[in-house]
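Here is a short tour of a protein and DNA model.

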Protein chains: 2
Amino acid sequence: MTANDGVIHEPRACDSALARAFNFLGKRWSGVILGTLTQGPAGFSELRRAVTGISDSVLSERLTELVGAGLIERFVHDGPPITVEYTLTVAGKGLLPAMRELTTWAECNLPA
Amino acid sequence: MTANDGVIHEPRACDSALARAFNFLGKRWSGVILGTLTQGPAGFSELRRAVTGISDSVLSERLTELVGAGLIERFVHDGPPITVEYTLTVAGKGLLPAMRELTTWAECNLPA
DNA sequence: CTGTGGAACTTGCTTTTTACTAGTGGCTTG
DNA sequence: CAAGCCACTAGTAAAAAGCAAGTTCCACAG
C-alpha cells in the first residue's frame, strides 16, 4: 500500500436506495398491485380480479405490507354495504413516472 | 344489453406489459442485480459482493434466468485465468431510465 | 511442491414464502 | 330464507430462497 491509500477498491454496491425500493417491488405481486392502483382506487375483489393469479391470502398480506410502508391507504366506507377502498398515498403516486417508464420498456423489450 | 354493447365493465386489469416486467423484476434480487449491472459489467463474485444478502445458488439461478430473458449477456474470457463477465444487453440497458426514476423515488419516499 | 486463496459454480438440506383450499360474518337480491 | 358477493382469516401443501459445503481451474507464497 504505497500510493492508493484510502481508495480500497470499493466493492461496487448497488445503490442503497434502489435496494430499498426492491424490498417492496422485489416481492412477488407488489409491483402489479401498485401498478393496478395507479389507474385509480380499488376494492379487495377488484384487485383480486385485476391481479390474475394472486391468491386471497397473499393479496391480503401484500396490501397490509404496502399500507404499513405508507404507499397505499385503506379506507373503510361503512354504508351499510361496508366496502373497503385501497388508494395510493402521495408516496405511492410518486411511483407513477417509474411505472410508466417500466411499462414502455416492457412493451418494447418483452415480447408477450 | 341495450345501449352499452361491447363495453362490458372491463374488469380493470393491470397493464399486461407491466405485469410482464414484474415477471422478472418481481422476483427477489433480480432488480438489484440489474441495478448493479447498470453501473457496468461485473463478474460472479463481484455481483455476490454487490448484492448483499444473496446466496450463490440464487445468484446463479437469477443470472441464468436473466440471460435467458435476453436482459444480460454472459461472456467467458478464457485467459488462462478464465473469467466470466456479465453485462447488460441493449434490452437491459433500456431499463436505465426506469431504474433512475425508481432510485430518485426511493430516495424521497423510502427512509433508510 | 505443498498450502492458501480467489473465481465460478453445483449439490444437498433446512427454513421461509407462496399457493391452494375452506370457512366466517355482514349484507343484498329474488 | 337460500344464494351470492365482499373482505378477509386459517390451515396446510408446494415452491422458492437461504446455508453450508464441495468442485475445478488457476495464481502466488514459501
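## How the two protein chains meet

Contact here means heavy atoms within 4.5 Å. By that rule, the meeting of the two protein chains takes 43 residues from chain B and 43 residues from chain A. This is a predicted model, in which local features need pLDDT of at least 70 and side-chain atom pairs count only at pLDDT 80 or more, while totals for chains, interfaces and linings use all residues. Residues are numbered from 1 along each chain as its sequence is written, chains are lettered from A and ligands numbered from 1 in the order in which they are written, and side-chain values use heavy atoms, with hydrogens and water left out.

The size of an interface is often given as the accessible area lost when the parts come together. Buried area is that loss for two parts (1.4 Å probe), summed over both. Between chain B and chain A the buried area is about 3,900 Å², and carbon and sulfur atoms give 67% of it. The rule finds 6 residue pairs in polar contact across this interface, both residues being at pLDDT 80 or more. A polar contact is a pair of N or O atoms within 3.5 Å; within protein, one must be able to donate a hydrogen and the other to accept it, and residues adjacent in sequence count only if both atoms are side-chain atoms. The count of salt bridges between the two chains is 0, a salt bridge being a side-chain nitrogen of Lys or Arg within 4 Å of a carboxyl oxygen of Asp or Glu.

Which parts of chain B supply at least two residues each to the side that touches chain A? They are α1 (16-25), α2 (30-37), α3 (44-50) and α6 (96-109). Helices (H or I, at least four residues) and strands (E, at least two) are DSSP runs, numbered from the N terminus. With 10 residues, α6(B) gives the most to this side. By class, the side has 26 nonpolar, 9 polar and 8 charged residues. Ala, Val, Leu, Ile, Met, Phe, Trp, Tyr, Cys and Pro count as nonpolar, Asp, Glu, Lys and Arg as charged, and the others, Gly among them, as polar.

## Symmetry of the pair

Chain B can be superposed on chain A by a rotation of 180 degrees with 0.0 Å of shift along its axis (RMSD 0.1 Å). That is the relation of a two-fold axis.

The same surface serves both copies, as 100% of the contact residues of chain B recur in chain A. Of the residues of chain B, G26(B) comes closest to the rotation axis, with its C-alpha at 2.3 Å.

## Around DNA strand D

A residue is near a strand if one of its heavy atoms lies within 4 Å of it. DNA strand D is surrounded by 19 residues, of which the closest are D56(A), R74(A), Y86(A), W29(B) and R62(B). Sugar and phosphate make up 78% of the atoms of DNA strand D within 4 Å of the protein.

D56(A) has a side-chain N or O atom 2.6 Å from a base nitrogen of DNA strand D. α4(B) gives the most to the surface near DNA strand D, with 4 residues.

## Around DNA strand C

Of the 19 residues around DNA strand C, the nearest are W29(A), D56(B), S60(B), R74(B) and Y86(B).

Definitions and conventions: Copies are superposed by least squares on the C-alpha atoms of residues with pLDDT of at least 70 in both.
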